[in-house]
Amino acid sequence: MDMVRTPTKLAQQLTHIELERLSHIGPEEFVLAFMKERGLAVTGSKTGGGGFRKTRCKEAYEDWFSRLSYLVATEICKHSKKKQRLRVLDFWVQTARECYNIGNFNSLMAINAGLSLAPVARLRKTWSKVHCVKCFTVLQNLMSMSDNYKSYRSTLAAAIKHSRQQNVAAQVPGAHPPQDASNDYIVVPFFYLLVKDLHFLNVGCADKLPNGHINFEKFWQLAKQVTEFIAWKQAVCPFPKNTDVIMYLQTSPLLTDNALALASFECEAADNAPEKEHYKSLKEKKN
């Protein structure tokens with residue numbers, strides 16, 4: 001990642017990727033997913049040329065999350081020299097912080113996931129020297145799964161409110177955004193949780209009430225969340241675009257699980273019996 005000079009610049013390019021990929025996901029993909037969940041036949045919706053569009057864009061976006069997580073781990077574990085490894089790890093933690101500042105929660109969560117993968121998490125000697133480890137701890141707590149992502153949901157709600165205030169100020173003559181506001185009206189939600197919430201709302205709430213009436217509250221909540229998603233994905237990324245960085249992020253080779261584990265042990269030797277056994281097994285597989 002030597003082509004990126006600052007964590008801020010990297011977070012900006014990640015936001016370009018997030019918004020570009022989000023822009024391809026239409027509300028019909030959620031509808032088709034709902035149909036699949038209910039066991040209904042899905043033949044796809046016709047597009048130009050007689051083809052069919054199902055949920056490929058949604059699935060591709062979910063794959064991007066996994067790719068970014070493994071890219072983070074790969075970039076750290078591929079450096080055998082502690083000084084370089086420390087610099088890269090620290091850089092990614094700061095990038096996660098900048099993603100938070102922008103409102104790019106999907107990249108933030110993916111980076112956190114990559115930093116939490118076992119091959120990275122076990123590098124205790126490296127972590128002990130990281131300058132912004134406290135920042136990482138705070139970000140982990142904000143994105144924690146505890147209480148059904150309670151901290152993240154509160155943070156997202158605040159970001160949405162902040163974004164709406166800025167947009168109102170931009171549209172209404174004489175109105176001004178808050179003093180601490182930036183000019184960037186971006187909210188990129190943690191996509192996995194958005195899909196999970198829609199899934200449970202769809203399958204967990206009945207279409208009809210006990211009295212036989214339509215459950216309008218359910219369908220209103222579904223429409224509300226999908227409408228919010230559509231608004232978020234239509235945001236225009238205000239940052240300069242670096243195509244070389246974006247290409248690298250989306251196409252650079254990734255280490256497999258076994259290769260990551262092996263690289264991690266070569267960075268810092270196994271220091272307990274289970275790790276030594278795991279390392280021995282990995283070496284045997286490699287040979």
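How far is the sulfur of C132 from the closest cysteine sulfur? I looked this up first, keeping in mind that the model is predicted. The closest one belongs to C135, and the gap is 5.5 Å. I take a disulfide to need sulfur atoms within 2.5 Å, so this pair is too far apart for a bond. My count for the structure is zero disulfides.

Entry: C132 is buried, because its relative accessible area is 12% and the cut-off for buried is under 20%. C237 also counts as buried, at 16%.

**Entry: the whole chain.** Next I stepped back for an overview. I found 14 helices and two strands in the protein chain. The chain has 287 residues, and 44% of them are buried. I also looked at contacts between residues at least 6 apart in sequence: 73% of these join residues at least 24 apart. The accessible surface comes to about 15,700 Å², and carbon and sulfur atoms account for 56% of it.

**Entry: the cores.** Then I went inside. The largest nonpolar core holds 70 residues, and W92 and L115 have the most contacts within it.

**Entry: helix α13.** Two of those names sent me to α13, which spans residues 257-267. Its buried residues are L260, A261, L262, A263, S264, F265 and C267. What covers them? I noted α3 (56-77), α4 (82-102), α6 (118-121) and α14 (273-286) among the elements that do.

**Entry: a patch outside.** On the surface I came across a nonpolar patch formed by I214, F216 and F219, with about 320 Å² of accessible area together. I214 sits in the loop between α10 (191-204) and α11 (216-233). I wrote it down as partly exposed, because its relative accessibility is 42%.

Entry: My last stop was the loop between α11 and α12 (243-251), where P240 is found. Is P240 buried or exposed? It is exposed, with a relative accessible area of 60%. Leaving aside residues up to four places away in sequence, P240 touches Q12, Q13 and H16.

Note on methods. Residues are numbered from 1 along each chain as its sequence is written. This is a predicted model: local features need pLDDT of at least 70, side-chain atom pairs count only at pLDDT 80 or more; totals for chains, interfaces and linings use all residues. Side-chain values use heavy atoms; hydrogens and water are left out. A nonpolar core is a set of buried Ala, Val, Leu, Ile, Met, Phe, Trp, Tyr and Cys residues joined through side-chain atoms within 4.5 Å. Buried means under 20% relative accessible area, exposed over 50%, partly exposed in between (1.4 Å probe, protein chains only). Helices (H or I, at least four residues) and strands (E, at least two) are DSSP runs, numbered from the N terminus. Contact means heavy atoms within 4.5 Å. Accessible areas come from the Shrake-Rupley method with a 1.4 Å probe; for residues, only the protein chains shown count as cover. Patches are made of residues with over 30% relative accessible area and no salt bridge: like charges are joined within 9 Å, nonpolar side chains (Val, Leu, Ile, Met, Phe, Trp, Tyr) within 5 Å. A salt bridge is a side-chain nitrogen of Lys or Arg within 4 Å of a carboxyl oxygen of Asp or Glu.
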